[in-house]
Amino acid sequence: MKPQVLSRRFCGALLGLLGLGALNGGVCAQGVAVNQIGYLPAAAKWAVASADAGDEFRVVRVGSGDVVLSGRLGAARAWAPADQAVRLADFSALTEPGEYELRVEGMPTSPRFRVASDAYAALTAASLKAFYFNRAGIPLEARYAGRWARPAGHPDTAVLIHASAVSDGRPEGTRISAPKGWYDAGDYNKYIVNSGITVYTLLAAWEQFPALFKAQKLDIPESGDVLPDVLAEVLWNLDWMLAMQDPVDGGVYHKLTNKGFDGNLMPHQTHGERYVVQKSTAAALDFAAVMAQASRVFKPFDGQRPGLSARMREAAVAAWAWARANPRAFFRNPPDVRTGEYGDVQLDDEFAWAAAELFITTGDVSYREAMKLETQPIRVPGWGDVAGLAWVSLAQHRDKLPKADAELVTRRVLGFGDELAASWRASAYRLTMEAASDFVWGSNAHALNQALMLIQAYRLGHDRAQLDAAQSVLDYVLGRNPLGLSYVTGFGRRSPLHPHHRPSEADGVDAPVPGFIVGGPNPGQQDQKHCPVRYASALPALSYLDHGCSYASNEVAINWNAPLVYVSAALQALTPPK
């Protein structure tokens, strides 16, 4: 089928159905789509226009109207995920700080964007502070939360042992305390498996870019204390995770949850019983990996937090031992529990990741043997496929590996980065999101995790194409996409107004809580039967709905925000000065 050049009338109708309002530049195939937040001076800079655009583009300084750069658009090419023909404008030569617009004859002007040396500082801070806004068990005071202040909810100090989670000393109905933690997504439950990749990604950002995070102040209750803000925030969730381990046998409960999802209420308005549910192998392994990593991260802070690093290491070892003794304790929701499952029956990747983290932290060769490094695949990570995380940590800590292992890790990470960069180079959109299978539930996070893996390769080999491909992913989620939408609440000229996020829906504040990235286009449309409006398109890159009903395309989740924090921080730290 011939790729479509969408008419402006059709685009306006499409946006209305998507809940995005009137046509206003940078949308569908008729507007100039750019990163609406901006660019670092020496970053690669691309804009996307429709195939019927004029041949030339101009970059204009806002205020003076001066044309600071002009050039020719590339040839029209088809981009299958949106079934559109597009042309690219490369304006990487623009390095002078300032505020600009990009214009192409016969098309709406692009949204304004900045070029600045701190282009992503506010984005990194807001996407990290989003975790504070999703804290359980604490009031969000106005001095920290502003208009999104709220009372505390879900103290979780008297949680019931579910029938699926009984053990010696903890029969059904026993109450335990497991406070703190982050609400997982748009709901108010807490899940070990999804916390695993989330905490890992934030701690990896700290391990790789400590100088950036040491200078960052989030204005959270712990700001100014002994820990950097990023570690203080992560510790809020780690404290909860530690409470989810059975102290007798080392097993880890899969989740802490109501039996069903809460309605659209604020946290303090919900009063249902809370339960810890079944120990699972996946939870134990994700827990072991994260605690091993956290043990080495918090080791330098022993003076301020005595015993914390050692406790985490012991917890990791105990969870690993439980998983080895219970390798097939797969999680499925009990019949009376109807909240998120995070079920996984393919656990080779979890075993390899946990073994890698334990080997790096302890040096015990038995973990090296359990890792089976030579046969491990390397893929874009997600909560259910964490193999890539092992390679990230091994690449970061090559100095702790035998020489042959270090060389193998370097080859594999560089090779995977080359594969992703080749896809980016060949793309009509200059984007690694090329296959329909890339547009899954949480497609924006999948894109950002592609960027995360590209950045690992760039850190090893300094191939600029890999850094530029990662930059293109950030551009995509910040507005350089067929909908002309920045997918981060509160950032960009057009951003989601109605995320599937209970506090944002129930707090009475018009604007959603800022700093959250929504899941993004998802042709699966698993929520359609629950939504009062219909998706306007089933095409992979257009299947999005800005409505509170849309948990399949417009929900927020901690594991989606973590790679946004990582990628924005990494680009800020790694992009060379002009």
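Helices here are DSSP runs of H or I with at least four residues, strands are runs of E with at least two, and both are numbered from the N terminus.

1. Confidence. The model is a predicted one. The protein chain has an average pLDDT of 94, and 95% of the residues reach at least 70. Residues 1-10 stay under 50, and the model gives them 24 contacts beyond four places in sequence. Residues 21-30 are also below 50, with 46 contacts in the model beyond near neighbours in sequence. Where pLDDT is low, predicted coordinates should not be read in detail.

2. H397. This residue sits in the loop between α11 (387-396) and α12 (403-426). Is H397 buried or exposed? Its relative accessibility is 10%, and because the cut-off for buried is under 20%, H397 counts as buried. Leaving aside residues up to four places away in sequence, H397 touches E207, R296 and I360. With E207 the side chain of H397 also makes a polar contact, at 3.0 Å.

3. S167. The loop between β9 (159-161) and β10 holds S167. Its relative accessible area is 17%, so by the under-20% cut-off S167 is buried. Which residues does S167 touch, not counting those up to four places away in sequence? They are D246 and K279. The contact with D246 includes a polar one between the two side chains, at 3.0 Å.

4. The five-stranded sheet. Five strands make up an open sheet with mixed pairing, and their order is β10-β9-β13-β12-β11. At the edges are β10 (175-176) and β11 (190-191), each of which pairs on one side only. Strands of a sheet pair through backbone hydrogen bonds, either parallel or antiparallel. In which sense do β12 and β13 pair? Strand β12 (residues 253-257) runs antiparallel to strand β13 (residues 275-279), and four bridges link them. Within this pairing, L256 is placed opposite V276 of β13.

5. The disulfide. The count of disulfides comes to one. The bond joins C531 to C549, with an S to S distance of 2.1 Å. The angle about the S-S bond is 110°, and the link between C531 and C549 is right-handed. Both C531 and C549 lie in the loop between α15 (502-506) and α16 (558-574), so the pair ties together parts that are 18 residues apart in sequence. Are the two cysteines buried or exposed? C531 counts as buried, at 11% relative accessibility. C549 counts as buried as well, at 12%. In general, a disulfide is a covalent bond between the sulfur atoms of two cysteines.

6. Helix α14. This helix covers residues 464-477, which is 14 residues. From its first C-alpha to its last, α14 reaches 21 Å, close to the 20 Å expected at 1.5 Å a residue. How many of the residues of α14 are buried? The number is 13 of 14, and the helix is mostly covered. After α14 comes G479, with a positive phi near 130°.

Conventions. Residues numbered from 1 in each chain as written. Predicted model: local features only at pLDDT ≥ 70, side-chain atom pairs only at ≥ 80, totals over all residues. Heavy atoms only, no water. pLDDT = per-residue confidence, 0-100. Contact = heavy atoms within 4.5 Å. Disulfide = S-S within 2.5 Å. Buried < 20%, exposed > 50% of the residue type's maximum accessible area, 1.4 Å probe, protein only. Pairing = 2+ DSSP bridges. Polar contact = N/O pair within 3.5 Å; in protein donor to acceptor, adjacent residues only side chain to side chain. Expected span 1.5 Å × (residues − 1).
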